[in-house]
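Here is a report on one protein model. It covers the sheet, the helices, the core and a few single residues.

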Amino acid sequence: MNAVRLYTPQVLAAAVSLARFPMADELSLRGEARSASCGSTLAIGLALDDEGAVDRIGLSAQACAIGQASAAVFAQGAAGRSGAQIAASAQAIRGWLRDEGDMPDWPGLELLEPARAFPARHGAILLAWDAAVRALAKREG
């Protein structure tokens, strides 16, 4: 029963939509993340605008449907956000997953609400945010 609730048609459709964000050579700001709980991995490529905000995104995921759907949610909402905003969102999502706060303001995040009941999926949910934070830290470091 939980698997049916977790892998809804909407989650599966979001996972498939990840194909709209292919990795490309010109996305040279790169980061990777791995979920220790499930082994899912994700690589991200970013291009920034003149103000340093996310302009374009490419993703390559070896993840469960929740990880892929979450990456799609990230990709659809990341444009125009700064590294600080992405890092703050990652922290807010961590707290939300631990029931330590309200759902953060990120478009589409409600799609992942059922996965909060599955702690083994929390790392997969955070893959794109963690990879983006790592990519953006390379630029700043």
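## Basis

A residue is called buried when its relative accessible area is under 20%, and exposed when that area is over 50%. The model is predicted.

The buried residues of α4 are Gly83, Ile86, Ser89, Ala90, Ile93, Gly95, Trp96 and Leu97. The helix covers residues 83-97. Its length fits its residue count: at 1.5 Å a residue, 15 residues should span 21 Å, and the end C-alpha atoms are 21 Å apart.

Most residues other than glycine have a negative phi. Asp99 counts as exposed, because its relative accessibility is 61% and the cut-off is over 50%.

## The three-stranded sheet

The sheet is open and has three strands in the order β1-β2-β3, with antiparallel pairing. β1 and β3 are the edge strands, each pairing on one side only. Neighbouring strands are turned by 20° against each other on average, direction ignored.

β1 and β2 pair over six bridges. Gly31 has Ile44 as its bridge partner in β2. The hairpin of these two strands has six residues between them, and Gly39 there takes a positive phi near 85°.

β2 and β3 pair over eight bridges. Gly45 has Gly58 as its bridge partner in β3. Leu48 stands opposite Val54 in β3. These strands also form a hairpin, with five residues between them. In that turn, Gly52 has a positive phi of about 90°.

How enclosed is β2 by the rest of the structure? Six of its eight residues are buried, so the strand is largely enclosed.

## Helix α3 against the sheet

α3 lies across β2 and β3, and runs at about 175° to β3. The helix has 13 residues. From its first C-alpha to its last it reaches 18 Å, close to the 18 Å expected at 1.5 Å a residue.

α3 is mostly covered, with 11 of its 13 residues buried. The buried residues are Ala65, Ile66, Gly67, Ala69, Ser70, Ala71, Ala72, Val73, Phe74, Ala75 and Gly77.

## The largest nonpolar core

The largest nonpolar core has 46 residues. Which of them touch the most other members? They are Leu42, Ile44, Leu46, Ile57, Leu59, Phe74 and Trp129. At least two core residues come from each of α2 (9-17), β1 (29-34), β2 (41-48), β3 (54-62), α3 (65-77), α4 and α5 (122-140). α5 gives the largest share, 10 residues.

Ile57 shows how parts of the chain meet. Neighbours within four places in sequence aside, Ile57 is in contact with Phe21, Pro22, Leu27, Ile44, Gly45, Leu46, Phe74, Ala75 and Ala78. Three of these contacts, Ile44, Leu46 and Phe74, are also among the core residues that touch the most other members.

## Gly58 in β3

Gly58 lies in strand β3. Is this glycine buried or exposed? Its relative accessibility is 0%, so Gly58 counts as buried. Residues up to four places away in sequence aside, Gly58 touches Phe21, Pro22, Met23, Leu27, Ala43, Ile44 and Gly45. Among these, Gly45 is the residue for which Gly58 is the bridge partner.

Gly58 and Pro107 are 49 residues apart in sequence. Their C-alpha atoms are 18 Å apart in space.

## His122 in α5

His122 lies in helix α5. At 14% relative accessibility it counts as buried, because the limit is under 20%.

What does the side chain of His122 reach? It reaches the backbone oxygen of Arg116, at 2.9 Å. Neighbours within four places in sequence aside, His122 is in contact with Leu97, Ala115 and Arg116. Of these, Leu97 is one of the buried residues of α4.

Key
Residues numbered from 1 in each chain as written. Predicted model: local features only at pLDDT ≥ 70, side-chain atom pairs only at ≥ 80, totals over all residues. Heavy atoms only, no water. Helix = DSSP H or I, 4+ residues; strand = E, 2+ residues; numbered from the N terminus. Expected span 1.5 Å × (residues − 1). Buried < 20%, exposed > 50% of the residue type's maximum accessible area, 1.4 Å probe, protein only. Core = buried A, V, L, I, M, F, W, Y, C linked by side-chain atoms within 4.5 Å. Contact = heavy atoms within 4.5 Å. Polar contact = N/O pair within 3.5 Å; in protein donor to acceptor, adjacent residues only side chain to side chain. Pairing = 2+ DSSP bridges. Axes fitted to C-alpha atoms, helices over the stretch in contact; angles between N-to-C directions.
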